[in-house]
Amino acid sequence: MMLVGIFFIFVYKLRYMPFPTKEEEDAVVILLVWIGLFLSELWFTLYWLVTLVVRWNPVYRHTFKDRLIHKYGEKDLPGVDIFVCTADPKAEPPLMVVNTVLSVMAYDYPPHKLSVYLSDDGASELTFYALLEASEFSKKWLPFCNKFKIEPRSLEAYLTNNEASQPLDDHHGQWTSIKRLYEDMKTRIKSATKVGKISEMLRRTHKGFLEWDSVSRHYHLPVLLSMEHGRDPKAVDIDGHALPTLVYLAREKRPQYHHNFKVGAMNSLIRVSAQISNALIILNVDCDMYSNYLESVRDAMYFFLDKEKGHEIAYVQFPQAFENLTENDIYSSSLRLTMEVDLRGFDSNGGPCYIGTGCFHRRESLSGKKYNEASNKVYSNGKERMKIRELVQKISILL
């Protein structure tokens with residue numbers, strides 16, 4: 001239908017092409033306007049042809065995670081650093097942010113290999129308080145998820161979904177307990193957010209609140225606080241299993257610079273995570289998202305750890321799914337055409353473009369370094385790594 005429409009447009013344009021005559025004063029102007037419109041239609045035709053060709057050969061990939069475990073085992077799986085970015089506690093409520101954090105903490109992946117970093121460009125003690133509450137709640141939530149294979153692993157999405165929230169007989173008591181604990185946490189976070197500040201009693205619960213004695217949103221030194229550390233033997237859940245590393249970061253701010261941009265937050269998170277966990281793979285998500293598939297990390301690892309082509313893959317991107325849309329989605333707000341057709345078509349032509357979130361990156365690719373065996377030897381050398389770490393610290397101080 002599009003091709004037929006384009007054909008008729010060209011027939012019409014050529015049939016009624018204006019020919020300037022001496023009697024018409026504006027003939028030249030009319031001809032120039034006609035040429036301009038004709039060129040725009042040619043450009044549209046070229047754009048349409050390119051996008052059509054991309055869609056001819058979509059790629060639908062399927063993973064076999066059981067083969068991944070047979071090849072590598074749990075101990076050999078690489079670490080994953082997860083970056084969550086937020087900028088404004090008013091536009092992005094702290095409760096929503098910690099729901100995202102709890103979701104990615106609960107991935108079906110060895111917890112000591114997961115590190116979650118929250119970048120708060122708003123430098124809000126409310127966000128820090130919400131993260132502190134989530135840290136305590138995760139000690140009960142993660143064992144519950146792992147025991148009953150809960151899906152999805154966002155508290156708000158799980159409890160508000162009528163079908164998913166129906167408790168089974170074998171875990172009715174635990175489900176009720178988790179729901180009550182979440183509602184209590186939700187009430188505390190909402191109350192603090194409504195007041196707009198943290199009470200003195202709550203401030204005494206964690207020494208990290210002392211940082212806000214000298215913090216202004218637009219002018220402050222870096223604030224880096226660790227809630228849990230996966231390598232700490234005391235950082236365990238109620239079942240005695242290790243917890244993921246959880247870190248809060250509010251990067252340095254100066255009033256003469258514009259700082260509230262995600263790319264700057266990502267750069268800071270890359271530098272900070274390199275000193276703490278330095279995982280091979282980095283996942284970045286927005287603060288208003290949650291993972292709707294608990295084995296997403298293992299799916300991504302299936303590509304990165306492929307012995308033949310894995311080293312050539314820079315990133316593995318997951319499509320987004322949207323909730324609370326109209327039934328017919330007449331404005332295509334779910335981006336279904338982009339997610340299910342265009343990106344899969346690009347996959348057969350060298351890979352899709354990075355859409356900004358929900359993407360697993362190889363850390364080396366973000367550092368502008370191509371894969372080779374020599375580079376691996378350099379990073380495995382302890383002395384060289386110490387030199388690099390000292391250099392990063394000096395650069396951070398200068399910045």
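For the protein as a whole, the mean pLDDT is 84, and 88% of the residues reach 70 or more.

This is a predicted model, in which local features need pLDDT of at least 70, side-chain atom pairs count only at pLDDT 80 or more, and totals for chains, interfaces and linings use all residues. Residues are numbered from 1 along each chain as its sequence is written, and side-chain values use heavy atoms, with hydrogens and water left out.

Now for some backbone details. Glu 151 and Pro 152 are joined by a cis peptide bond, with omega at about -5 degrees. Pro 152 sits in the loop that runs between helix 5 (125–148) and helix 6 (155–160). Helices (H or I, at least four residues) and strands (E, at least two) are DSSP runs, numbered from the N terminus.

Asn 278 belongs to the loop between helix 9 (262–276) and strand 5 (281–286). Its relative accessibility is 25%, so Asn 278 counts as partly exposed; that class lies between buried (under 20% relative accessible area) and exposed (over 50%), using a 1.4 Å probe and protein chains only. Leu 335 is in the loop between strand 6 (315–317) and helix 11 (336–347). Leu 335 is partly exposed because its relative accessible area is 36%.

Definitions and conventions:
pLDDT is the predictor's confidence in each residue, from 0 to 100.
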